[in-house]
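Look over the sequence and the model first.

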Amino acid sequence: MRRRILLWIALAAAAWFVATHTADITRLWQVMRGGDPRWLIVATLLQVAYYAFYIWTFKASFEAVGIRRPYAELVPVVLGSIFVNVVTPTGGTAGPALVVDDAVRRGHSPAGSAAAMVLTQVVDFASFAVIMVVGFVYLGIVGRLQTYEIAAAAVLLALIALFAGALVLAFVRPPAFVRVLEFFARVVGGLWRVARRSSPLAEDWAARTAGEFTSSASMLAERPRGVAKAGVIGVAGYGLDLLGLMAVGFAFGWDKPGSLLAAYAVGVLVWIVSIVPQGIGVVEGAIAVVLTSFGAAVPQATAISLVFRGLSFWLPLLLGFVLLRRVSTFQPARRSEGAETFAVRAAAVITALVGVIDVLSAVTPGIRARIVMLEEYLPLHVRYGHLAAALAGLALIFLSRGLWRRKRSAWMLAVALLAVSVVSNLAKGLDYEEAIIAGALLVWLVSERSAFHARSDGPSLTQGLRVLAAAIVGTLAYGTVGFYLLDRHYVMTFSLSAALRQTIVMFTQFYDPRLEPLTRFGRYFADSIYAVGVVSFGYALIMLLRPVLIRAPSTPAERERATAIVERWGCSSLAAMNLLPDKVYRFSPGGSVIAFAAENGYALALGDPIGPPDDFGPAVEDFKQLCAANDWTPIFYQTLPDGLDTYAAAGFKATKVGHEAIIDVATFSLAGGGAKKNIRNRIRHLEEEGFSAVVHEPPIPAALMRELQEVSDEWLTMMNGTEKRYSLGWFLPEYISACPIMTVHAADGRVVAFANIVSEYQRPEITIDLMRHLPEAPSGTMDFMFVRLFEWCAARPGCQTFNLGLSSLADVGRETQDPAVEKALGLVYDHVNQFYNFQGLHAYKEKFDPRWEPRYLVYPSASDLPLVFYALLSADAGEGVVQNYVKSALRKRRGV
């Protein structure tokens with residue numbers, strides 16, 4: 001709580017400072033933007049070289065104690081130790097501890113690793129001491145050496161002497177060293193007892209530490225040349241760091257090396273001895289104070305200090321944070337799904353922001369001084385703002401959604417475009433700020449590459465690559481031929497090579513001031529090149545990121561395997577629908593099957609997994625993995641309530657989408673008044689007119705199938721509809737002929753209505769799928785058929801209930817505690833009856849007095865729900881919802 005209060009106080013102070021120093025901050029920003037990019041590039045390269053030497057120091061220190069570690073292995077742990085030192089308040093010991101722990105986890109000797117870190121610390125301090133002495137000598141000569149600087153230097157030299165003396169004493173007289181440490185431990189314990197606290201040092205601290213130092217000293221004494229090598233590398237590294245500060249000073253017009261040497265010596269010294277982690281804020285102030293004492297303007301000195309710290313500390317700190325997950329200490333057996341999802345989505349959002357930055361930068365005038373400098377090296381008219389930067393930015397914005405969905409192709413394109421962004425931002429006006437941001441994101445995306453594993457649709461990917469290649473070639477050809485043939489519409493005359501060059505220039509900048517159209521058509525043609533290119537490239541990107549499409553139905557072997565599983569384990573009204581040919585199957589290793597349809601990037605599983613009960617959870621996880629690999633969002637539609645806990649454990653949410661009407665056929669009766677009386681009267685009337693109901697067992701004769709087909713066609717015409725799919729069957733001859741069929745016959749023997757009867761396999765229940773009748777069928781025909789179905793079911797051995805199917809959205813969101821999603825669906829049920837007769841269907845089933853059982857939609861995120869419902873409607877329609885609606889409207893208008 002105390003830290004949170006301090007954080008808010010710090011944020012409030014920062015906000016107050018910004019609000020009251022706006023003019024100063026603006027002036028400082030203008031000074032920083034005005035730095036000479038050439039020297040800043042030199043400074044950046046020198047900092048890269050410094051950190052290369054810094055990591056090399058660690059490598060040499062390990063080699064000095066006989067441990068060989070690959071350079072690439074040390075990069076993440078050394079940079080990560082910088083980040084750990086900042087965020088862990090342990091006086092700078094957390095970073096070395098991290099390096100030692102990483103080495104031990106990789107199988108190296110604990111004693112040797114500790115000795116290497118002791119040597120690294122001594123070499124680091126001693127190497128800087130060489131630079132510090134030179135700097136302080138210069139300060140003394142010019143008469144600007146301050147007392148606090150001398151005191152800080154004395155502290156550093158004391159630390160070096162302490163480390164070196166401890167190593168010598170541990171090597172020469174180990175018992176005496178143990179006694180010294182024991183005395184120190186007693187002193188610390190006494191001080192802590194005065195404060196009424198237990199000592200922070202363990203009882204065996206003295207003996208253990210003495211053993212580590214003695215072992216370290218022995219190892220170092222055996223390889224003096226290795227120690228000397230580490231020292232030389234350390235001094236060279238600090239020399240490069242000093243040169244980096246000088247390059248930054250030159251970039252901002254301060255060309256006094258002596259003062260920069262003094263500022264560097266004081267700044268790094270403060271960094272080492274400061275109680276603030278890594279000297280944050282203190283180092284910046286110290287460098288600026290020294291420079292202003294030599295006559296530098298305050299904004300100039302501050303800009304030099306901030307830019308140098310940005311290059312030497314903040315960027316490595318950020319890189320260390322990114323690489324920290326590659327350090328063995330922070331590598332769990334498997335990164336949690338939540339952590340990986342957060343990283344992926346953060347990368348996607350930042351990619352979109354970088355895209356916005358690129359677009360804004362592309363349309364913003366550059367800094368004149370940088371443009372003049374750029375002209376010396378790139379005479380091409382890139383300085384006016386590249387179209388490449390704008391297109392890269394727009395593409396990054398577009399690709400961010402693909403990254404959000406973990407698309408591998410989106411990751412590859414984003415990495416390539418970020419590289420383009422880095423180059424184009426530098427080329428169009430030496431905008432190194434945008435280039436650094438894009439470069440940092442590039443490094444992050446590369447470090448997270450394993451999280452982007454979703455495949456794109458293979459044929460669409462191939463087509464996208466072809467379109468991309470065709471877009472490049474076609475647009476160049478279009479522009480080249482056009483300029484060559486239409487040069488009369490422009491001031492300049494184009495040869496074939498000049499026309500090609502002009503087209504290329506237009507693709508590398510927003511405009512070319514040398515291109516002056518004489519006519520409106522000339523201006524139109526120049527603009528049309530952009531339009532053709534953008535449309536072609538946009539279409540190629542869409543195809544490259546398209547989720548995997550299901551182009552072929554399941555094979556006969558897969559359907560046979562699924563049939564065997566459904567017949568063995570199926571126990572729902574949807575079990576038989578899983579065997580229709582519009583489904584694709586996923587077979588889990590545990591013997592379950594999930595039937596699904598892929599629609600608009602969603603894998604719509606129909607019902608729960610069917611298989612052994614103990615394989616329910618593993619089957620759900622297996623389906624999630626399949627969807628992740630194919631860029632599908634997994635959805636389970638009309639699930640039973642039994643598996644909700646398992647879905648929740650797998651990270652899914654559930655929403656009630658309706659109730660199924662269940663009739664207990666043993667207790668069903670038409671006795672009573674109201675709706676039951678009306679049903680009795682209709683049945684009696686039809687019986688008096690000679691109507692009858694017959695159940696035909698499969699296989700259904702061809703003559704009857706033709707008659708059923710006629711009834712079905714007339715019913716579809718009457719309803720102005722088409723066959724549905726997915727959760728419903730359709731009049732598929734091989735499907736219908738394999739089911740028991742109840743037909744209702746008029747007195748003359750004609751079939752006026754029918755329904756196909758569907759088994760629920762292991763559940764003692766019967767349901768129906770298609771229910772169709774002729775337009776001229778008398779009122780009550782369907783009531784008559786249902787009652788006869790109940791009676792037929794009751795007479796069958798083992799049949800206990802009859803399922804009337806789902807009543808969508810009925811009684812959803814009616815309770816106070818129901819979630820907001822269900823309450824929204826309840827509003828749909830109440831107010832959109834003109835589009836679908838939810839209430840009429842529910843009322844029809846309600847008159848049979850059924851038992852209502854809830855069914856659920858299971859999904860990963862509420863944000864997906866609008867598109868999930870659209871995908872479900874599309875799957876049920878067998879085609880796009882819009883296409884289906886338009887066709888139905890046209891049929892109604894034609895009266896067909």
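Strand β2 (residues 593–599) and strand β3 (residues 602–606) run antiparallel and are joined by four bridges. Strands here are DSSP runs of E with at least two residues, helices are runs of H or I with at least four, and both are numbered from the N terminus. Two strands pair if DSSP finds at least two bridges between them. This is a predicted model, in which local features need pLDDT of at least 70 and side-chain atom pairs count only at pLDDT 80 or more, while totals for chains, interfaces and linings use all residues. Residues are numbered from 1 along each chain as its sequence is written, and side-chain values use heavy atoms, with hydrogens and water left out.

- β2 and β3 form a hairpin with two residues between them. N600 sits in the turn and has a positive phi of about 55°.
- A597 stands opposite L604 in β3.
- β3 also pairs with strand β4 (residues 633–639), through five bridges, and these two run parallel. The bridge partner of A605 in β4 is F636.
- Five of the five residues of β3 are buried, so the strand is largely enclosed by the rest of the structure. Buried means under 20% relative accessible area, exposed means over 50%, and partly exposed lies in between (1.4 Å probe, protein chains only).
- Y602, L604 and L606 point one way from β3, while A603 and A605 point the other way. In a regular strand the side chains alternate between the two faces of the sheet.

**The sheet as a whole**

- The open sheet has 11 strands and mixed pairing. Its order is β1-β2-β3-β4-β11-β5-β10-β9-β8-β7-β6.
- β1 (584–587) and β6 (692–696) stand at the edges. Each has a single partner strand, so one side of each is left without a neighbour in the sheet.
- Neighbouring strands of this sheet are turned by 30° against each other on average, direction ignored.
- Helix α22 (residues 556–569) packs on the sheet and touches β1 and β2. Its direction makes about 65° with that of β1. Axes are lines fitted to C-alpha atoms, for helices over the stretch in contact, and angles run from 0 to 180 degrees between N-to-C directions.

**Whole-chain totals**

- The chain has 32 helices and 11 strands.
- Of its 896 residues, 49% count as buried.
- Among contacts with a separation of 6 or more, 74% are between residues 24 or more positions apart. Contact means heavy atoms within 4.5 Å.
- The accessible surface comes to about 42500 Å², and carbon and sulfur atoms supply 65% of that. Areas come from the Shrake-Rupley method with a 1.4 Å probe; for residues, only the protein chains shown count as cover.

**Helices**

- Helix α3 (residues 37–64) has 28 residues and reaches 40 Å from its first C-alpha to its last, close to the 40 Å expected at 1.5 Å a residue. The expected span is 1.5 Å times one less than the number of residues.
- G66 follows α3 and has a positive phi, near 85°.
- Helix α10 (residues 224–251) also has its end C-alpha atoms 41 Å apart, which agrees with the 40 Å that its 28 residues should span.
- G253 follows α10, with a positive phi near 80°.
- T120 lies in helix α6 (residues 110–142). T120 is buried at 2% relative accessible area. T120 touches F58 and S61, not counting residues up to four places away in sequence.

**Cysteines**

- The structure holds one disulfide, defined as a pair of cysteine sulfur atoms within 2.5 Å. It joins C793 to C799, with S to S at 2.0 Å.
- The link of C793 and C799 is left-handed, with -55° about the S-S bond. Both cysteines are buried.
- C627 is buried at 0% relative accessible area, and C739 is buried at 8%.

**Backbone exceptions**

- Most residues other than glycine have a negative phi, and most peptide bonds are trans.
- P698 and P699 are joined by a cis peptide bond, with omega about 0°. P699 is in the loop between β6 and α26 (702–718).
- D811 has a positive phi, near 55°. D811 is in the loop between β10 (801–808) and α29 (820–831), and counts as partly exposed at 42% relative accessibility.
- D849 has a positive phi of about 55°. D849 is in the loop between α30 (838–846) and β11 (851–859), and is exposed at 57%.
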